[in-house]
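Keep the structure open while reading.

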Amino acid sequence: MTGVLSAVQGPIKLLKGGRVVDPIHGRDGTFDIRIDNGLISQVDKDLPIDGAKIIEVPRGFVICPGLVDMHVHLREPGQEHKETIATGVSAAVAGGFTGVACMPNTDPVNDNVGITELILQKAREAGLAHVYPVGAVSLGSKGKQLAEIGELHSAGCVAISDDGHPVADALLMRRALEYASMFRMPVINHCEDPSLKGDGSAHEGYYSSALGLKGIPGAAEAVMVERDVTLAELTGGHVHIAHMSAKGSLRAVRSGKERNAKVTCEVAPHHFILTDEHLSYDTNLKMNPPLRDVADRDSMLEGLSDGTVDVIATDHAPHHVDEKAVEFDSAPFGIVGLETVVPLVLDRLLHTGLLSCSRIIELMAVNPARILGLEPCGLTVGKVADLTVLAPDAATEISASTFRSLGHNTPFDGWNLRGSVAATIVAGRTVYANANVQGASAFEHC
Ligand SMILES: [Zn+2]
């Protein structure tokens with residue numbers, strides 16, 4: 001599976017002298033990369049020019065396998081006032097992503113071949129990033145009857161999920177794991193016990209009480225993670241825990257992994273950066289799962305550094321400004337993430353010394369691709385040239401008004417961070433060069 005965009009004919013290019021970080025091939029050092037007709041044809045030291053168009057990689061830039069965000073909401077079909085596939089992939093490449101997996105909670109839900117094909121067609125027309133559709137677990141994501149999982153897989157879905165809703169029924173989850181494993185697909189679950197969540201809108205604790213907001217305990221998530229790990233062991237199927245936020249969930253994943261259960265998990269930046277101490281009535285702080293307490297946040301950081309967490313995903317959830325401009329209780333859950341995650345990760349995880357560059361690439365490129373069964377994973381000769389170029393030291397100010405996403409709902413507006421995306425190359429073609437980063441213009445028209 002190479003996504004929807006295939007390599008195009010073009011001049012032979014040679015990226016010269018960059019720091020290449022590719023955990024798949026154990027590379028972290030200065031290498032040249034030759035791109036021939038959109039495919040990687042050579043990666044080595046001091047490659048000869050041989051008539052190629054030279055791109056001198058500026059000092060300090062890092063070239064890595066293309067980042068993949070395995071959890072985004074593109075909103076099309078049905079909610080094009082929030083985001084379209086075209087605006088979503090435009091935001092994705094500006095955020096450094098060469099591929100995104102889009103959740104099925106569109107309107108109608110992506111529970112059938114027709115919707116999957118529509119998404120892939122729109123993605124091809126946009127022609128920027130690969131789009132990997134996630135099909136629904138159940139018809140209409142209603143949690144009653146399984147969708148036609150085999151057909152969704154044949155149409156191009158890479159996983160199944162009822163994200164937005166948990167798969168609350170344990171037997172349905174069991175069957176989903178059994179069927180999905182026949183197609184080597186993971187079941188991505190939004191773990192949250194509906195009865196414990198109730199109509200809560202913030203993490204249950206001191207701050208929700210102080211603000212008079214109804215609480216959602218971390219246990220609402222953790223009990224379903226425990227259940228899903230147990231069901232993964234029962235069925236041999238692969239469960240992937242979406243947007244994990246609670247320390248009890250991390251504990252369940254860790255012990256499942258120790259028993260060799262097929263369980264993987266992702267964390268979103270807001271859950272390893274912010275806590276409920278940051279809560280106010282600002283609806284850009286309302287997301288599901290909610291911002292949790294310091295112990296939960298610290299346990300996400302621990303999981304990122306000790307290897308329990310497999311993936312950083314954004315849960316990019318664009319909403320129209322009018323929809324968020326209401327009381328906290330009635331506002332929709334979610335924030336955008338595609339265009340903020342790289343500066344946040346570089347500033348908070350790399351420059352603090354918590355994670356190495358190579359571990360970050362594992363979390364944002366290698367592991368999401370592997371979990372979704374995508375190729376290529378890494379800078380592999382003969383594979384499509386999907387590359388992300390990072391400028392880890394570039395100063396960035398997050399400015400929501402400049403986002404390409406139609407959603408500007410972020411709590412990070414105005415934040416000053418160290419680290420940026422310099423350029424994004426998909427199938428050998430530069431689809432984004434950051435005008436705010438000195439030297440990134442070297443990749444224009446590449
Ligand atoms: Zn979710």
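## Terms and model

A cavity is a set of grid points where a 1.4 Å probe fits but cannot get out, whereas a pocket is an open set. Residues that line either one have an atom within 4 Å of a point. The model described here is predicted.

The structure holds four cavities of 30 Å³ or more. The volume of the largest cavity is about 150 Å³. It is lined by 18 residues, and those closest to its centre are Gly-66, Val-68, Thr-98, Pro-376 and Asp-386. Strand 8 (130–135) and helix 13 (357–371) each give at least two residues to this lining. Helix 13 has the largest share, with three residues. By class, the lining of the largest cavity has 11 nonpolar, five polar and two charged residues.

The second largest cavity contains about 60 Å³ of space. Its lining includes His-190, Cys-191, Glu-192, Ile-241 and His-243, along with Asn-288 and Arg-292. This lining divides into six nonpolar, three polar and three charged residues.

## Open pockets

The largest pocket has a volume of about 530 Å³. Of its 27 lining residues, Asn-105, Asp-163, Gly-164, His-165 and His-190 are the closest to the centre. His-190 also lines the second largest cavity. Sorted by class, the lining of the largest pocket has 14 polar, seven nonpolar and six charged residues.

The volume of the second largest pocket is about 420 Å³. There are 19 residues in its lining, and Thr-396, Thr-402, Tyr-432, Asn-434 and Asn-436 lie nearest the centre. Helix 12 (341–350), strand 16 (387–397) and strand 17 (416–426) each supply at least two lining residues. The largest share, three residues, comes from strand 16. Nine residues of this lining are nonpolar, seven are polar and three are charged.

## Nonpolar cores

In soluble globular proteins, nonpolar side chains tend to be buried together. The largest nonpolar core in this model has 95 residues. Which of them touch the most other members? They are Ile-241, Met-244, Phe-272, Leu-304, Ile-312, Leu-349 and Met-364. Ile-241 is also one of the residues lining the second largest cavity.

Phe-272 shows what such packing involves. Apart from neighbours within four places in sequence, Phe-272 is in contact with Val-267, Arg-297, Met-300, Leu-301, Leu-304, Ile-312, Val-345 and Leu-349. A second, separate core has 24 residues, among them Ile-33, Ile-35, Leu-379 and Ala-422.

Terms used:
Residues numbered from 1 in each chain as written. Predicted model: local features only at pLDDT ≥ 70, side-chain atom pairs only at ≥ 80, totals over all residues. Heavy atoms only, no water. Core = buried A, V, L, I, M, F, W, Y, C linked by side-chain atoms within 4.5 Å. Buried < 20%, exposed > 50% of the residue type's maximum accessible area, 1.4 Å probe, protein only. Contact = heavy atoms within 4.5 Å. 1 Å grid on protein atoms, 1.4 Å probe; cavity = no way out; pocket = protein on both sides within 12 Å on 5 of 7 lines; lining within 4 Å. Points joined across faces, edges and corners; volume = space filled by probe spheres on them. Nonpolar A, V, L, I, M, F, W, Y, C, P; charged D, E, K, R; others polar. Helix = DSSP H or I, 4+ residues; strand = E, 2+ residues; numbered from the N terminus.
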